[in-house]
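This briefing reviews selected features of the structure shown below.

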Amino acid sequence: MNRGRMVARLTVLVALAGVLPVLGVGAIAVESLRRRSESAARETLRAVAVQAAARIGAYVSDQREALRAVAAAAGTGPDAGRRLEDAVLDAPGLGHAALVGPETPAAALPRTLDAAAVAQARAGSEVASEIYLADDDTPAVDACVPSRGRPGWAVCAQLDLLELWRFVQRIHVGETGYALAFDRKGRIIASGAGALRAAILTGDPVPEGEAARGASRNPGAAPTRYRGPLGEEVLAGWAALPDSGWTVVVEQSADEALRAARTVQWVLLAISLAALALSVAVGVRQSRKVLAELEVDERWRTAGRIAAGITHDLGHRVAILQQTAGMAATGEAAFLPRIRDNLQSEVATLRKFVADFADLSRDVKVVDRLPLDLDAFAESVRRTALPHAEKMGVLLEVAPSGAGAWTAGDRYLLERAALNLVSNAVEASPRGATVRLEVAAGDGTVELAVVDRGAGIPSGRLPSIFDAFASTKRTGAHVGLGLPNVKRIVDAHGGRVAVRSTEGEGSTFRITLPRAEPPAPA
Amino acid sequence: MRRVFLFALAGTLACAGRPPPEDFVLRVGVIEPMGEVGPHADAGGAALAGDLLFEPLATPRPGGAASKFLRRWERLGPRRWRLDLEPGVRFNDGTPVAAGDVADAVRAQGMTVLSTTPATVEVEARGAYPVEVDLAFATVARRTATGWLGTGAFAVESQEPHRVVLRRVQPAPGRIARVELVGCASSREAFARLLRGELNGMASLDRALAELLDGVPGLQVVRGTAPSALAAWLSPRLPAEERRRIAAAIPVAEIAAAARAEPCCSEPQPALPLVPPGRPLRIGYPRYLPEQPRAAIALRRALGARGGEVVALDLATWVRASANFDLVVAPMLVRPPGVEARYFETGGQFNVLGQSDPAYDAALAAGDERAQEEELRRAPQAVVILRRERLAALDARIQDPVLGDWGIFERLPEWKVAP
């Protein structure tokens, strides 16, 4: 893993650790806020509706009270009719006021009250009609009250409810909220929404009419969120006027009603994003800093390990060479064979040092990936390693897959990796033992295992066995660069290398590579 | 260079904004029957069309009358006038307006044409009042084989029983191009169609319905004053002195408020003299206006013990029946200045109660306005109770529309329409 990817991974870890809790808490807070805001908005609308209903009810009561006052002012004398007309001048909301008695013709009775209703008023009970549109197209209710001083008579009038329109139209909640009023049959009788006012005159049904009918009996059960008359989602609050059966609903677009909550949502999102950005920035900066420090530290440690290895190994070599030089200095001919063997051995060892260091300094780049049959490859490795194995008295065997285990790779590099493992296995095996090269093919991968029955590797060493300069063989011929090079080569091929070892039983190093299609026959 | 040009072009287009509507149509709901379109139509859609098709010889304006047809008019005697014609005035088909057309217009108003030349028309008015009153009623029009020809900004494009379409004669960008008068069975139907967006204009709205327009997008309520008022006419059955004392005792503001069903009054009212004692006064009213019944009752109440019977009069017979009443609550024109003489002059065109005051007639004949006013104070013939208001609902894109002082839509050709 290069430094950039390590920085990115560390940064993501820092960012997630820092922001995820914030986002989680924020999401919960936002949802809670949204619900509370909607609930509060509905309650506000309901409160406005209740207030409006109360005022409308009070206005209608005032009108009826005015009618009672006019009836009282009319008195019982022969000029009652005139007195009634004069009194009505001071009650602008009353129209067509008339004294109604037993002889009053049906044509003179109020327009929307039948004879039975008027008779009821003459008998002492107040009666009122449903709301209707008068001749001047304004809303009105016909009402009759008993004439106090004149038994069998009543005073009837048309109660002008233009104020109902005015009042409903003046209700504004925010920029989009308005009120609607309905009669007990669900017919709209006043509207703060201009688009619905034509329905007041024509009697055309409006979407809320059905709900209004139900709300007149139980306003608490009326829907509080639905699609409004203009097609937008609205929140609503309902109230009813029990005496008349009218209902008032105050509607506001959900968009506007929940705007504050949505603003908070956006703010929280912005804060989360800012926190994320800050975390990323801090993560990047700190990761780079830590990695740089680690790198420096690692360099020193690596340099230390190299120095220790070189000091140990080259010291050993220097001692042998000093001893050989001493032998040469005696001039004894008998030492010459020994001097020759020493020099050959030391030169070979020093060449291996140089080769290992050369591998360490060279980037592993798979330039030429060519199809490679692992079965044939294993056999090739066996033949190459055979002289060394024979010298060490160890047998080499190949167990091919037999099914064509093809991969794609740099044959030279893979051979160096495989030879390294075989060389280690041979050196770890007692004389007469067998080292096996086992090839297998699986789903998408192929495998080359090097199995020995040597002394095995102590379990404590296994986790760092592929680290550079970690060798503890310290035979004088190893500086601990072989296995790290094996890992670098296999990694560069997109594969992996693993080891399983038991002390006293032996070790198995397993190289796994991506499987490739065999080349097409020429 | 090309980029600079494109920037300049884009800037020019951006500054130009949206082009003004070239084909703006005002659809006005009118209560049927539509009536026959012509210079003498005085009701319904035909009267509204008349405002746009025809022009009076003189249009009343706050500062005096204005005329497209007359360079000036000169009084030659108490009732004789010479009208000097403005040359170059043409009908909508391009034919010139001739002295004969002007003579026809004044004849239709009951004036006598004494002589005509290509540049003048000499007339004798029916009364001694200012000729501007007659000129305001005299509409210039010419009968052709296909209908009436006018001089207004609009001409009839089509006419059906329930729809009259008028188109602007000379295209005027940014102004109303066509006016459709759409017949409706009732004001309720017209108003409902207005609210539904099928119409975008309605004239002669009443106050109650105007309430419904509050907050309706796309529409505006325009207010103006009508040339008419509601008045209490005093019968000649009452002696002049009694008329004066009764007129002085009438609380006009209180009656006006009662007529409008409004509380009275925002300002303190002056103390009034008592109504002189006498027999109860009979009050009649023809049912022209919704305010009349309440005004009549309020008048009776104001008269106290002298307030007598209040009777609603049949529209067809009220003129004849009004002779039996002491007070008649009825509408009367208050514009143009001098029009009241038509009501107060002996034998005047609108003198339905048969008033006759030689002193007033003499002052009128002498053209002495101060003497006329003094005589009317001494022997009043009517008391104006309230000036009538004009209300119209119009498309909100029309910018600052002004209702006419005479014909409600006479200023329509000037109205600008927002892009």
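Helices are DSSP runs of H or I with at least four residues, and they are numbered from the N terminus. Helix α10 of chain A, residues 374–392, contains Arg382(A). The model is predicted. Across all chains, the structure holds 60 salt bridges.

**Overall description of chain B**

- Chain B contains 13 helices and 20 strands.
- Of the 419 residues in chain B, 50% are buried.
- Among contacts in chain B with a separation of 6 or more, 66% are between residues 24 or more positions apart.

- Setting aside neighbours within four places in sequence, Arg382(A) is in contact with Leu396(A), Glu397(A), Val398(A) and Leu437(A).
- Gly150(B) is found in the loop between β9 (147–149) and β10 (154–160) of chain B, and this glycine is buried at a relative accessible area of 5%.
- When residues up to four places away in sequence are not counted, Gly150(B) touches Leu53(B), Phe54(B), Phe91(B), Asn92(B) and Val140(B).

**Salt bridges in chain A**

- Side chains of opposite charge can pair when their charged atoms come close.
- Arg64(A) and Glu126(A) form a salt bridge in which the closest N and O atoms are 3.5 Å apart.
- Arg64(A) belongs to helix α1 (residues 3–74) and Glu126(A) to the loop between α3 (115–122) and β2 (127–128), so this pair ties together parts of chain A that are 62 residues apart in sequence.
- Both partners count as partly exposed: Arg64(A) has 23% relative accessibility, and Glu126(A) has 27%.
- A network of salt bridges links Glu31(A), Arg34(A), Arg35(A), Glu38(A), Arg42(A), Arg225(A), Arg227(A) and Glu233(A).

**Salt bridges in chain B**

- Asp84(B) and Arg72(B) meet through their side chains in a salt bridge with an N to O distance of 3.1 Å.
- Asp84(B) lies in strand β4 (residues 80–85) and Arg72(B) in strand β3 (residues 70–75), so the pair ties together parts of chain B that are 12 residues apart in sequence.
- Within this pair, Asp84(B) is buried at 11% relative accessible area, whereas Arg72(B) is partly exposed at 41%.
- Glu375(B) forms a salt bridge with Arg378(B), and the closest N and O atoms are 2.6 Å apart.
- Both Glu375(B) and Arg378(B) lie in helix α13 of chain B, 3 residues apart, which is about one turn of the helix.
- Glu375(B) is buried with a relative accessible area of 9%, while Arg378(B) is partly exposed with 44%.

**A negative surface patch in chain B**

- Asp368(B), Glu369(B), Glu373(B) and Glu374(B) gather in a surface patch of negative charge.
- Asp368(B) is placed in the loop between α12 (358–365) and α13 (369–378) of chain B.
- The relative accessibility of Asp368(B) is 35%, and the residue therefore counts as partly exposed.

Methods:
Residues are numbered from 1 along each chain as its sequence is written. Chains are lettered from A and ligands numbered from 1 in the order in which they are written. This is a predicted model: local features need pLDDT of at least 70, side-chain atom pairs count only at pLDDT 80 or more; totals for chains, interfaces and linings use all residues. Side-chain values use heavy atoms; hydrogens and water are left out. Helices (H or I, at least four residues) and strands (E, at least two) are DSSP runs, numbered from the N terminus. Buried means under 20% relative accessible area, exposed over 50%, partly exposed in between (1.4 Å probe, protein chains only). Contact means heavy atoms within 4.5 Å. Patches are made of residues with over 30% relative accessible area and no salt bridge: like charges are joined within 9 Å, nonpolar side chains (Val, Leu, Ile, Met, Phe, Trp, Tyr) within 5 Å. Accessible areas come from the Shrake-Rupley method with a 1.4 Å probe; for residues, only the protein chains shown count as cover. A salt bridge is a side-chain nitrogen of Lys or Arg within 4 Å of a carboxyl oxygen of Asp or Glu. Lys and Arg count as positive and Asp and Glu as negative; His and the chain ends are not counted. The place of a charge is taken as NZ of Lys, CZ of Arg, CG of Asp or CD of Glu.
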